[in-house]
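Try each task before you read its solution.

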Amino acid sequence: MAPMTAAPSPARRAPSFLTGPFATQTWRDFGYLSLQLLITPFAFAYVIFVPSFASGVLITVVGLWLVGILIVAARGWGAMYRGMTRTVLGVEVAAPPPFVRPQGFWRWLGEMFGDVDGWRALLFMFLTFPLSILSWVMSVTFLAVGLGGVTYAAWYRFLPQQQAPDGTWHRGWSVVSTDSVAWFVDTPPRIVALVGAGLLCLWLWPPLQRGFVALFLALTQGLLGPSRMSVRVAQLRASRTEAVEDAADRLRRIERDLHDGTQARLVAVAMQLGEAREQLGSDGDPVLAELLGSAHTSAKETLVELRDIARGIHPPALDAGLAVALETLVARSMIPATLDVSVDETEQLSPSVGSIAYYTVAELLTNAAKHARATAVQVQVTLHDHVLTLRVSDDGRGGAQVYPPSQDGQRSGLAGLVERVGPVDGTFDLSSPPGGPTVVTVTLPTHPQP
């Protein structure tokens with residue numbers, strides 16, 4: 001999987017100093033800072049609300065869930081800010097990988113509280129609140145002083161008259177330094193100096209804005225874009241999904257090759273050996289007859305073993321669907337077993353997930369017969385809302401446990417099932433008190449999650 005990168009963005013070339021105040025980019029920057037000032041108070045209120053709300057509801061499970069939703073929902077604010085950056089400034093910031101909801105309530109809750117991109121969005125909203133105020137005030141100040149200074153000569157005459165400490169009357173901007181001294185901008189040299197100061201402020205306004213916008217862009221790309229960790233996690237998830245699907249496809253190809261190639265040739269060899277033994281007849285060499293008979297028997301036994309291996313790789317019954325495959329499996333169970341299947345017809349099941357579900361039920365049926373000393377097994381299968389749920393219960397003696405692998409790498413059948421469902425973000429729940437009953441609940445997504 002290729003690393004996630006932002007789409008190429010048009011370069012933000014700074015306009016020339018002389019044309020800066022009239023450049024489109026300058027006024028886009030001003031609009032961007034104005035929008036930031038409009039939005040950030042609401043975003044900051046959201047940031048303050050999250051811990052305030054959490055402090056009152058964290059003692060309940062529902063409260064934990066709601067706070068987790070608020071953390072993940074901060075991603076929506078990040079998407080809005082990225083959209084504003086793209087629309088107003090023309091700069092594309094790549095979105096972080098989407099939040100992936102795992103199977104199981106507690107895992108889901110843990111993922112929400114540990115959502116790094118949600119926390120980064122909250123940090124962005126917290127930091128940009130004071131920055132938006134400062135940037136907009138500075139921008140408006142330089143713009144207002146610049147425009148006011150440049151046009152001062154045209155409008156200062158309309159200001160009301162003011163009396164100086166010495167009794168003289170003046171119009172215009174004044175600076176009172178003491179009770180006896182006042183300085184008025186109403187003489188040609190002072191007016192020219194103020195116009196020059198206005199021009200300086202007006203032409204310094206664009207680079208000042210660009211500096212603030214560059215700071216906003218740095219925060220946007222650093223906090224609202226994909227982090228190295230989130231990209232790496234997304235890559236690993238995608239690689240894991242590809243590995244699971246590729247493994248399932250490879251096993252199906254191996255099973256097909258064994259069935260269509262090796263098994264067919266072995267059948268031909270067994271038939272040829274049988275035909276040779278028959279043609280040898282009873283008058284032939286007894287040693288040769290015995291060798292042919294032994295070879296014929298070995299070929300037939302090898303053929304049976306090969307069929308078992310092929311069936312273990314990919315049961316042919318799965319080609320007709322999981323429900324049919326499970327019906328076949330339950331029918332061959334060593335102890336009486338019942339099957340209850342409730343499937344949403346609109347749901348599609350990945351072949352790899354179907355294979356995992358089949359072998360999970362097969363292993364649980366074997367355990368119930370061999371280890372639990374059960375006399376009856378119930379298998380319930382539901383497929384709804386992109387989740388496949390398997391529930392296998394028996395009336396055996398109970399006490400089943402998932403043991404960790406031993407030092408020589410050996411593991412129990414239940415531990416193998418836990419490892420089997422893990423790569424597709426499945427869950428494995430075991431309830432087996434002493435005396436029984438044993439209930440195993442397995443949930444699997446309909447497709448491995450990228």
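**Exercise 1: a leucine and its core**

Find what Leu388 touches, skipping residues up to four places away in sequence. Solution: with contact meaning heavy atoms within 4.5 Å, Leu388 touches Leu322, Leu349, Val353, Ala357, Val381, Thr382, Leu383, Val442, Thr443 and Leu444.

Before going on, a note on the model. This is a predicted model, where local features need pLDDT of at least 70, side-chain atom pairs count only at pLDDT 80 or more, and totals for chains, interfaces and linings use all residues. Residues are numbered from 1 along each chain as its sequence is written, and side-chain values use heavy atoms, with hydrogens and water left out.

Now place Leu388 in the largest nonpolar core. Step one: such a core is a set of buried (under 20% relative accessible area, 1.4 Å probe, protein chains only) Ala, Val, Leu, Ile, Met, Phe, Trp, Tyr and Cys residues joined through side-chain atoms within 4.5 Å. Step two: the largest one has 34 residues, and Leu388 is among those with the most contacts inside it, along with Tyr358, Val379 and Leu444.

**Exercise 2: who supplies the core?**

Which element gives the largest share of this core? Solution: start with the elements that each supply at least two residues, including α10 (351-370), β6 (377-384) and β7 (387-394); helices (H or I, at least four residues) and strands (E, at least two) are DSSP runs, numbered from the N terminus. The largest share, ten residues, comes from α10. Another core lies apart, with 27 residues, among them Trp77 and Phe212.

How values were computed
Buried means under 20% relative accessible area, exposed over 50%, partly exposed in between (1.4 Å probe, protein chains only).
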